[in-house]
Structure formats: structure tokens, C-alpha cells
Amino acid sequence: MGELSRVRRSILPMPGDGWGEIARRELPDVAEADAVSRLQSWNLHVYMRATMRTGGPGNPILPSDVIFVEPPLASA
Amino acid sequence: MYDLVIRNGRVVDGSGLPAYRADVAVKDGRIVRIGHVAEGARRVVDAAGKVVAPGFIDPHTHFDAQLLWDGCAKPALSHGVTTIVPGNCSLSLAPLRAEHRMKLVGMFNQIEEMPLKAFREGVVWDWETFAEYIARIRKGLAINVAPLVGHSVLRLWVMGDAAMERTATADEIAGMQAVLRECLDAGAAGLSTSYVDMDERLLPVPSRHADPSEVDALAAVLGEYGRMLQIVPEFYDADLTIARLDQLAELSIKHSIPTTFSPLFVNADNIDAVNRVMKRVDEQFDRGARVWPQVQTRPIDISFCFAVPSLLFIRFPGWYRIMRFGSHEEILASFRDADTRAKLIAEAAPLAALWPHLVLRHVKFDANRALVGKTLGEIAALRGVSPVDAMIDLSLEEDLDAHFLAASMGHNDDAEVGRLLAHPRVHVGASDGGAHILSFSTYGDTGYLLGHFVRDVKALTLEAAVKKVTSDTAAIWGIPERGLLQPGYVADIVVFDPATIDRAVEDYVGDVPGDGFRYVRASSGVDSVFVGGALAWSAAEGYQPAQGEILPGLAA
């Protein structure tokens with residue numbers, strides 16, 4: 001079996017997950033408001049997912065979403 | 001006496017081994033002999049100077065609706081494609097309850113750009129279950145079909161409208177498993193799901209409301225049959241694509257199933273990203289997973305007019321909102337109103353560099369006929385306006401029936417695309433055949449592979465390219481007895497001229513139900529195509545009655 005190299009760390013949401021729940025679980029050492037802000041900035045594909053009807057950010061997280069829990073890795 | 005003998009051809013047998021000169025004899029739908037064949041046959045084809053190869057398999061299409069009025073999936077057969085896989089991207093036409101028909105039509109219209117009118121006037125809705133749909137398309141079927149079950153449709157069947165709003169309960173997941181088994185027993189080739197698509201309301205499709213446990217449960221059912229899971233990942237971002245392919249790899253290993261994700265595009269600005277994705281693909285294959293990235297052969301061309309929504313404008317809410325939800329008159333009014341027009345032009349400023357290069361390709365009225373073929377830059381210079389104003393003015397003058405072509409928008413670096421196509425862990429596919437019919441032609445990708453990337457660019461040998469779209473595809477999808485020319489195999493065969501095979505120029509034809517049009521490309525250099533030993537199409541005789549099959553076949 002081959003080895004997997006390190007890639008950007010992500011999770012799939014658990015039932016009932018919102019930004020706060022993920023922040024508390026994945027970034028326990030960071031103040032929640034700051035952790036939520038970081039998560040949203042790392043996950044613009046979710047946070048800024050445009051809804052053509054409302055036009056605004058902040059869509060609820062879908063149960064199928066990939067949520068990154070760290071910033072993009074530096075290029076090798 | 002054989003049924004068919006193809007004499008004097010250069011046999012490229014689909015294995016990737018060097019071509020050789022031989023005759024191919026067929027009886028009762030099967031290849032019975034390859035070598036020197038002295039005996040006669042009911043039909044003899046002289047293939048001197050031509051290649052004899054297995055019929056091509058297209059693993060990513062949306063011919064689901066077209067098969068209801070066209071069992072040949074025209075013009076796919078004429079390109080040598082003898083097997084198609086519809087039902088990709090979480091969308092299939094079954095199982096489908098009557099109350100969800102218009103919901104599905106809306107999704108097909110939004111995601112695959114299939115005209116509503118074609119569904120209204122070309123479809124007699126006389127099925128609900130997957131088995132009933134299969135029975136329906138088998139009438140007049142001339143091409144082989146390996147149909148996927150769409151996850152979004154499966155959710156609608158079990159959950160009703162709640163499929164568009166929430167995760168499934170344990171009972172509902174069990175219900176989906178049971179229905180998926182029924183579909184697989186009826187001949188489905190696997191399951192498709194999507195992590196990016198939006199429905200006709202521009203809200204996430206039902207499959208995106210599934211949590212990982214639901215997908216895992218459905219993959220477990222696929223594992224009982226060894227069938228395929230296809231997904232559409234967030235292909236615009238390498239980290240997201242890698243996360244999805246890791247998710248697929250776990251399912252592949254846990255349930256011992258093949259998986260595939262599509263599309264994977266390479267452009268000048270994402271070569272490093274594609275290299276990262278392919279490195280991960282290699283790592284996951286080395287672990288024992290099967291995660292096949294699908295790569296299309298053709299560059300991205302997009303045609304559009306403002307009478308129908310175009311994905312080219314989906315990044316610009318002002319434009320897309322009026323194209324998607326506005327009436328014909330409302331779109332015209334938006335273009336006529338100076339303030340609205342100025343706002344639209346400002347919103348689409350990121351496309352400012354593109355406008356001058358767009359080509360006017362079709363108009364309705366004679367007054368502008370002389371401008372067809374000119375770029376918007378040229379037309380703008382003639383009229384003394386900006387290119388984007390020229391585009392809007394022409395659309396008003398033509399009652400929105402002015403068509404523009406944005407050619408070679410991406411996936412057009414021959415060296416990079418060729419390198420990907422030749423990669424042993426790349427699955428050549430993602431044609432989208434039968435979809436996006438008013439945006440681009442989704443036909444002729446195999447001709448482009450063999451003409452452009454084999455003959456012109458020399459990115460692959462002829463034998464390697466044929467293997468990619470025949471035996472590799474059959475093996476990846478678990479389709480038995482197809483994809484190779486060898487005794488005992490089903491006689492799906494294409495005869496073509498390697499010096500001229502290609503896709504013809506894109507044409508705008510009116511062969512869609514409801515007086516509809518679509519962009520198509522005819523084949524070039526294809527001599528004849530056989531399905532199950534019967535002539536299905538030839539350059540001399542056109543389409544002929546043949547009998548396509550449902551593949552990989554009914555479950556034992």
C-alpha cells in the first residue's frame with residue numbers, strides 16, 4: 001500500500017454542524033468568533049456561495065460540503 | 001457463410017498492442033475469427049487502407065432524453081461510438097414519479113441546458129420505475145446504453161420534496177438502498193452524484209443534501225454489484241477536488257467499487273493544480289483505490305444567444321437572472337433601458353477582454369447576414385461602438401436570435417491536454433454528449449482524439465488512443481465482452497480512415513423536438529460502424545437498423 005502525502009486538512013460536516021460547532025471542535029484553542037471567521041475565510045466556496053435569489057453570503061452549510069480546517073498549504 | 005467479413009484492414013484491436021493486417025469475421029453478433037478469412041459473408045466490407053477497431057465507449061453523456069426520440073443518439077453512432085453512458089451528474093430520467101417530472105425537466109434545463117420545449121413535445125411520459133424506462137428506450141435502440149441512476153432522482157423518489165431540503169433518515173436511506181438495488185437489477189451501470197450542481201431555482205440539487213453516511217450506504221449497494229460511482233466534484237479548485245477524490249478513494253477501497261470524477265480541465269493557469277490532483281490520483285491508486293479522473297479531448301468552445309440562459313454568464317447575477325428568469329420581452333427591455341444596460345456592462349467587466357474576440361455565428365434577419373463570421377471587434381469598428389455594445393445592439397436587432405461564439409476558451413494547450421490524455425490513470429471521456437445543445441457540440445471527441453492528438457500532435461500512438469476509448473473504458477466500467485477485437489467478443493466495430501478521421505465543423509441544425517435547434521458536428525473519416533455485428537451507420541448508407549443493448553447487462 002502506498003503512502004499518502006500531506007494535503008490541506010478538511011472535514012465533512014457532522015449532523016447539526018454550523019460554523020460555531022465546527023469552530024469549537026476543530027479549532028478548540030482559538031476564540032470562537034475568531035475561529036468562525038477563519039473557517040469562513042478558508043471556505044469561501046460555502047460562505048460566499050451566491051444564492052441568485054438572496055444575493056448574500058452566509059448560506060447554511062450543506063451536509064455534503066467539504067470544509068477546510070486550515071488555510072491552503074504553502075507551495076512546495 | 002459468415003454474416004460479416006471486414007477484409008484487408010489494419011486491426012487496432014483495443015489492447016494497445018501494435019496494429020496488424022487481418023480480416024475480421026462475424027457471425028451471430030460475435031467476432032468468430034481474425035486472420036485470413038477465405039469464406040464468404042452476407043456483407044463484405046473492404047477496409048483496405050483503413051483501421052478496424054472496437055466500437056468506442058463514451059462514459060459521460062446526457063443522452064437520457066434524446067434516447068426517447070432517437071435510439072441512435074445521433075450523431076454519436078456516426079463517430080464510431082457504439083456504447084454511451086447516460087445518467088451522469090446525479091440526473092437520470094428514472095426512477096421518477098409523475099409528480100416530479102417537471103422538477104427533473106427543470107434540473108435538466110438548468111444544469112445540462114436541455115430545452116424545456118424538447119421535453120414537452122418530444123417525450124411521452126409513460127414510465128416511472130427504472131425497469132420501465134429501460135423497457136421504453138429499448139424500443140428502437142440502435143446504440144448500446146450503460147445507464148447510471150441519478151442520486152438526485154433517487155432521493156426524490158424516496159423522500160419526495162424533502163429531498164431538496166434535508167438529510168435522509170435511516171429508514172429513507174434504507175429505502176434508497178432498496179430502490180438502487182432494483183435499478184441495478186434492471187440494468188443500471190452504477191450511480192451518479194453531484195457536489196456542485198444547482199437546480200432550476202439556483203438552489204443545490206437534492207444530492208447535495210446527502211450526508212456522508214447516505215453516500216456510504218449507497219456505495220455499499222454498488223459494492224454488492226461491483227458497479228460504478230460517478231461524481232462531479234468542485235472541479236474549479238484543486239484542494240476541493242483532492243478532498244473529493246480522497247472521499248471517493250475511501251469508498252472505493254471500503255466497498256471495492258470503481259469510481260470516477262469528471263471533469264478535469266487543464267489550462268495555462270492551473271497546470272500546477274492539475275499536477276497536484278494527478279499526484280493524488282497516483283497515490284490513491286497505489287493504495288488500491290480506483291479513482292478515475294475523466295478528461296475530455298476537445299477545447300472549450302461556448303456559443304450563446306440571449307434567448308436562453310448560458311453558463312458563460314453564470315458568474316454575473318444581473319445577466320444570469322434576466323436570462324434565467326426573465327421573459328423574452330423583459331430581456332429585450334433590459335437591453336433597451338440605458339441604466340440597466342450600463343449596469344450589465346459594468347458587471348461583466350471581467351469579460352471585457354473577451355468581447356472583441358467573440359464571433360457572430362448566426363443571425364435571423366438578412367440585414368445583418370453580411371456580418372456573420374466577423375468578430376465583435378470588427379463589427380464594433382464598423383459601427384463605431386464598443387464590442388459589448390455591438391453584441392447587445394445585434395441581439396436587439398435580431399430579437400435575441402443573434403448567436404455568438406467564444407472559441408477555444410480553455411483546455412486548449414495541446415501539450416498539457418495531450419500529456420493528460422496519455423496518462424495511464426486518466427479516463428478519456430466527459431464529452432457531455434446530448435447536453436448543452438445550444439452552447440456547444442458535444443459530439444466528435446473521439447474523432448478529435450484520433451485526428452488531432454494522434455495524427456497531428458502525436459501525443460499518443462493510434463493503438464494507445466484506441467485502447468483508451470475501448471478496452472480501458474470497458475474494463476473501468478466492468479462491461480464484459482466489449483472493447484476488444486478478439487474471437488468471442490461482441491462485434492461492436494468501427495472502420496475508419498486514420499488519415500482523415502476527425503470531427504467536422506460545428507453546425508447548427510434543427511432536429512430537436514419542438515422545432516428546436518442544437519449544435520452538432522458530423523463525423524469525418526469514419527467508414528462504417530457495427531453494433532452487435534449489424535451495420536448501424538455507414539458513410540454510404542447512413543443510419544441503419546441495429547439492436548443496441550443495455551450494459552453491463554442484467555444482474556445475475
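Analyst: In this predicted model, one side of the helix pair is formed by L376(B), G377(B), I379(B), A380(B) and R383(B) of α13(B), which meet P387(B), A390(B) and M391(B) of α14(B).

The geometry may be considered next. Two packed helices are described by the angle between their axes and the distance between the axes. Here, helix α13 of chain B spans residues 376–383 and helix α14 of chain B spans residues 387–397. Their axes come within 8 Å and cross at roughly 85°. Angles of 65 to 115 degrees count as roughly perpendicular, so α13(B) is roughly perpendicular to α14(B).

In soluble globular proteins, nonpolar side chains tend to be buried together. The largest nonpolar core of this model has 157 residues, and those with the most contacts inside it include I6(B), V24(B), L77(B) and L180(B). Helix α8 of chain B, residues 238–255, gives the most to this core, with 8 residues. Beyond its neighbours within four places in sequence, L180(B) is in contact with V149(B), L154(B), L191(B), L218(B) and V221(B). A second, separate core has 24 residues, among them C305(B), V388(B), A402(B) and F404(B).

Finally, the two chains meet: 21 residues of chain A are in contact with 24 residues of chain B. On the side of chain A that touches chain B, the residues divide into 12 nonpolar, 7 polar and 2 charged.

Technical notes:
Residues numbered from 1 in each chain as written. Chains lettered and ligands numbered in written order. Predicted model: local features only at pLDDT ≥ 70, side-chain atom pairs only at ≥ 80, totals over all residues. Axes fitted to C-alpha atoms, helices over the stretch in contact; angles between N-to-C directions. Helix = DSSP H or I, 4+ residues; strand = E, 2+ residues; numbered from the N terminus. Parallel < 35°, antiparallel > 145°, perpendicular 65-115°, else oblique. Contact = placed C-beta atoms within 7 Å. Nonpolar A, V, L, I, M, F, W, Y, C, P; charged D, E, K, R; others polar. Core = buried A, V, L, I, M, F, W, Y, C linked by C-beta atoms within 7 Å. Buried ≥ 20, exposed ≤ 12 C-beta atoms within 10 Å, placed from the backbone.
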